[in-house]
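Here is a structure to read by its definitions. Each label below is traced back to its criterion.

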Amino acid sequence: MTGSPVLVITALGDVTADLVLSELYGRGVPAVRLDPAVDFPEPARMSVRVGEASFTGDLTTASRYVSLSAVRSVYWRRPTPYGDPRQSESPQQRFALEQSRAGYTGTLTALSEVLHVNHPIQNRAADHKLAQLGTAARLGLSVPETLITNVPQDAREFAADHGTVIYKPVHGVHLTGEDGRNRTIWVRPVHADELDDSIALCPHLFQACVPKIADIRLAAVGDKLFATRIDTAGDHVDWRQDQRLITCSPLPIPYAVREAVEHFLRAFGLTFGAFDFALDGNGRWWFLECNPNGQWAFVNEPTIRAIASALADILQKGVPA
């Protein structure tokens, strides 16, 4: 392949990545899509050589050849996880999976002097709720009072003090049901009398309920920010539960929020982040969380195009922050 390519690390069928790839192709920027857990060891191949002050290698997919030293940027989206949690693995299979994760994905994360959007290490570091909430509060964003606990009595007292509180997992997780389909634990309101001693099994996150009139999804691409107001028909606390019920519209961003979001990205070493806020009746933005690899392809069409263009701009430039 001629020119310096963009590597797009994601699973087949990722429509969000498709939008960015289409934008890059339209500009004549070479781009290679790769899903390491699926594409290796066939049809993809990779060899890497490390020596004094050098890191060189070759990557071949079913249709492309890439010199790793020529890569200009890497767009980390949502590659297929290694292994199937529904199936038992022999020691040999587990060995091969762990070597593949460390070898294939590890090599791609080791590419230096290129832009990563975002580097997986930064994604993991930024994905901790408590670190997010503490950073957001330090930067001046409004943060609902929050309790993370495995002490049942503390949880009950917190809920009693606030009336209705919001429960959410400390970390998002998909659970596989007996039918093989993924199940999601949604954000939901809870009361003190619902909280039993099973809370002691692991940490749980409870948050004071914000009297919101709408939700906000803010996509940040470097210093370009795009806010979308999300109105939900019905009483779902978590708008993701049924996106057929939502209406999206562009929203101006207050200066203080814009400034705090830009500082938040820098604090965690991120180039991209999808921020969730609750909007109350007084126009106050309440920070809920930041997904460093969150979705944005569901909002209104002009904003989708603008975000895809902003991501293509930064990947095309390929200069690390």
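**Strand pairing and packing**

In β17, Gly273 is the bridge partner of Ala220. This is a predicted model, where local features need pLDDT of at least 70, side-chain atom pairs count only at pLDDT 80 or more, and totals for chains, interfaces and linings use all residues. Residues are numbered from 1 along each chain as its sequence is written, and side-chain values use heavy atoms, with hydrogens and water left out.

Q: What makes β14 and β17 a pair?
A: Nine bridges join β14 to β17 (residues 272-280). Two strands pair if DSSP finds at least two bridges between them, so β14 and β17 count as paired. They run antiparallel. Strands are DSSP runs (E, at least two residues), helices are H or I runs of at least four, and both are numbered from the N terminus.

Q: Which strand is joined to β14 by seven bridges?
A: That is β15 (residues 224-232), which runs antiparallel to β14. Asp215 stands opposite Ile230 in β15. The hairpin of β14 and β15 has two residues between the strands, and Gly222 takes a positive phi near 60° there.

Q: Why is β14 called largely enclosed?
A: Eight of the ten residues of β14 (residues 212-221) are buried, so the rest of the structure largely encloses the strand. Buried means under 20% relative accessible area, exposed over 50%, partly exposed in between (1.4 Å probe, protein chains only).

Q: Why are β2 and β7 called edge strands?
A: The open sheet has four strands in the order β2-β1-β6-β7, with parallel pairing. β2 (31-34) and β7 (115-117) each have a single partner strand, so one side of each lacks a neighbour in the sheet. Neighbouring strands of this sheet are turned by 15° against each other on average, direction ignored.

Q: How do you know that β1 and β6 are joined?
A: Four bridges link β1 (residues 6-9) to β6 (residues 73-76), and the two run parallel. Val6 has Ser73 as its bridge partner in β6.

Q: Which strands does helix α3 touch?
A: Helix α3 (residues 91-109) packs on the sheet and touches β1, β2, β6 and β7. Its direction makes about 125° with that of β6. Contact means heavy atoms within 4.5 Å. Helix α8 (residues 301-317) lies across β1, β6 and β7, at about 155° to β7.

Q: What makes β8 and β12 edges?
A: Another open sheet has the order β8-β13-β9-β12, with antiparallel pairing. β8 (146-149) and β12 (188-190) have a single partner strand each, so one side of each is left without a neighbour in the sheet. Here neighbouring strands are turned by 35° on average, direction ignored.

Q: Why is α5 called oblique to α7?
A: The axes of α5 (residues 129-138) and α7 (residues 255-268) come within 10 Å and cross at roughly 135°. Axes are lines fitted to C-alpha atoms, for helices over the stretch in contact, and angles run from 0 to 180 degrees between N-to-C directions. Angles under 35 degrees count as roughly parallel, over 145 as roughly antiparallel, 65 to 115 as roughly perpendicular and the rest as oblique. Therefore α5 is oblique to α7.

Q: Which residues of α5 meet α7?
A: Ala131, Gln132, Thr135, Ala136 and Arg138 meet Phe264, Ala267 and Phe268 in α7.
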